[in-house]
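Have your viewer ready and your selection tool at hand. Here is a short tour, one stop at a time.

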Amino acid sequence: MGHLTHLKGRDALGDAVSKDDEFAEYMTARWRPMLHAAVLLGCGHSEAEDLVQVTFTRCYVKWDKVVRADNRNAYVSRMLLNEFRASRRRRWWQERPTAEVPDPAVDDVASAHAASHAVDRALRRLSQPLREAVVLRYYSQLSERETAQVLGIASGTVKSRLSRALEQLSNDSHIKDLTNGRHS
Amino acid sequence: MNDEEATRLLNRRADDVPDVPAPVTEVIATGRAVQRQNRRVTALGVALAATVVGGLVVQQATIGRTGPTPEVPSVAAPEPRVVGSGNALERWSSSTASDWVRTSDYVVVAHAVSEQALADQPESGGSIERSVELDIKKVVWTRSKPAQPLPSAVTVTAFGWTEDNVPLAWSGTPRIEPGHDYVIALVWSPAQCSPNDPPERTQWTPLGSHAVLPFDNARVGYGESEGRLVLGDADQASAGTLEERLLDQSLTELRDALRDAPPPNGQEPRTLPPPSTC
């Protein structure tokens with residue numbers, strides 16, 4: 001990893017360099033999916049960058065635990081979810097960046113983005129527990145069992161949440177418009 | 001809608017997220033800084049600790065400081081020297097939620113604004129104490145009949161430095177450093193007149209060394225403790241303390257803990273010694 005050259009020079013221990021290389025490789029591969037997952041969970045784009053960066057920093061500090069996890073991606077997804085939930089808990093008294101307009105009108109955006117906004121609106125109509133289950137299962141591609149572990153709930157609960165979420169998404173007017181080709 | 005359709009749907013939203021390069025170098029540099037600060041310095045010893053454990057004394061901001069107030073040592077000061085353990089030398093126990101509600105007048109969220117050394121030269125024990133100005137951001141809990149109204153700002157006398165400018169910290173507790181937020185259990189403390197110590201006037205003071213919790217970003221255990229950056233790690237808080245119990249939690253959980261605190265075991269709710277004149 002060329003961009004780590006100046007950091008490597010400070011390391012006295014070879015295993016620290018090895019750790020950095022391993023971490024850098026993992027972070028580079030997982031940055032984009034994590035960023036997407038944060039947005040799908042409900043973050044604005046810049047907030048998602050901050051959230052994922054904090055998550056990866058914690059990940060670096062706890063790297064020994066991360067590499068020992070049975071499923072590294074599920075473990076890190078759990079860290080991301082914890083950061084996301086914590087950020088939502090502190091919203092009531094702490095200001096957050098508002099770089100984006102919450103709900104832009106479809107007519108004002110390019111048609112290429114309209115479908116994305118339709119999905120965004122539909123996701124916002126889901127309750128947060130349903131939304132988290134949908135993102136972990138259908139975007140992060142965790143199994144139902146892994147999703148249950150990350151959320152700390154039973155697999156049966158994941159099944160029922162996903163079932164309810166899919167039903168709601170199927171009946172959502174924005175999604176219907178999308179599947180009828182209005183935004184495609 | 002089936003699983004595949006749901007996946008396609010989410011990918012349509014994900015594809016619209018702008019592509020941003022992964023800040024790997026920044027994250028590793030930050031992670032290393034956190035790890036460096038997490039390294040603890042060998043304890044100096046109980047004798048030195050005992051000379052400064054009387055710190056963490058709070059004065060009302062409206063009360064003027066006595067004595068010289070020189071500037072703080074350089075920001076390039078070395079890593080803190082962590083001393084002592086436990087709270088054997090403290091007046092009140094402050095480990096648990098029950099301890100807090102038994103004796104405190106207020107539990108607040110405070111932001112440390114500035115700091116100053118309280119003397120030019122070390123005291124006889126070899127340390128220089130420090131005053132830290134705190135803005136009260138929020139009152140989390142109040143005794144039904146607090147001893148005094150709470151001012152909007154207070155000045156804390158806290159651990160300072162060794163004679164060679166090494167920051168001093170008490171094991172497992174915040175130094176209280178400018179720029180950070182803390183949850184603090186405050187008590188209106190009566191005057192102290194010990195034979196061999198200078199008299200302490202009636203003043204606001206944290207209940208004890210476990211009555212100050214790091215609280216950056218509105219989360220318990222995040223911010224400064226022992227003069228280092230902490231991120232809610234399980235091993236940073238002293239065992240059995242409220243900080244350990246509430247790590248990574250918000251004010252909601254703190255309020256719940258204080259509300260649900262069991263009454264003290266067969267003790268009077270609050271037994272302060274009578275006011276004395278020194």
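Select A:Gln141 to begin: this residue follows H7(A) and has a positive phi, near 60 degrees. Helices here (H or I, at least four residues) are DSSP runs, numbered from the N terminus. This is a predicted model, in which local features need pLDDT of at least 70 and side-chain atom pairs count only at pLDDT 80 or more, while totals for chains, interfaces and linings use all residues. Residues are numbered from 1 along each chain as its sequence is written, chains are lettered from A in the order in which they are written, and side-chain values use heavy atoms, with hydrogens and water left out.

Now select H7(A) itself. Its end C-alpha atoms lie 15 Å apart, which agrees with the 16 Å that its 12 residues should span at 1.5 Å a residue (the expected span is 1.5 Å times one less than the number of residues). Because 10 of those 12 residues are buried, H7(A) is largely enclosed by the rest of the structure; buried means under 20% relative accessible area (1.4 Å probe, protein chains only). Among the buried ones, pick out A:Arg131, A:Glu132 and A:Tyr138.

Next, show both chains. The contact (heavy atoms within 4.5 Å) takes 53 residues from chain A and 44 residues from chain B. Between the two chains there are 3 salt bridges, each a side-chain nitrogen of Lys or Arg within 4 Å of a carboxyl oxygen of Asp or Glu. For your last stop, zoom in on B:Arg219 and A:Glu83, a salt bridge whose closest N and O atoms are 3.3 Å apart.

Note on methods: Helices (H or I, at least four residues) and strands (E, at least two) are DSSP runs, numbered from the N terminus. Buried means under 20% relative accessible area, exposed over 50%, partly exposed in between (1.4 Å probe, protein chains only).
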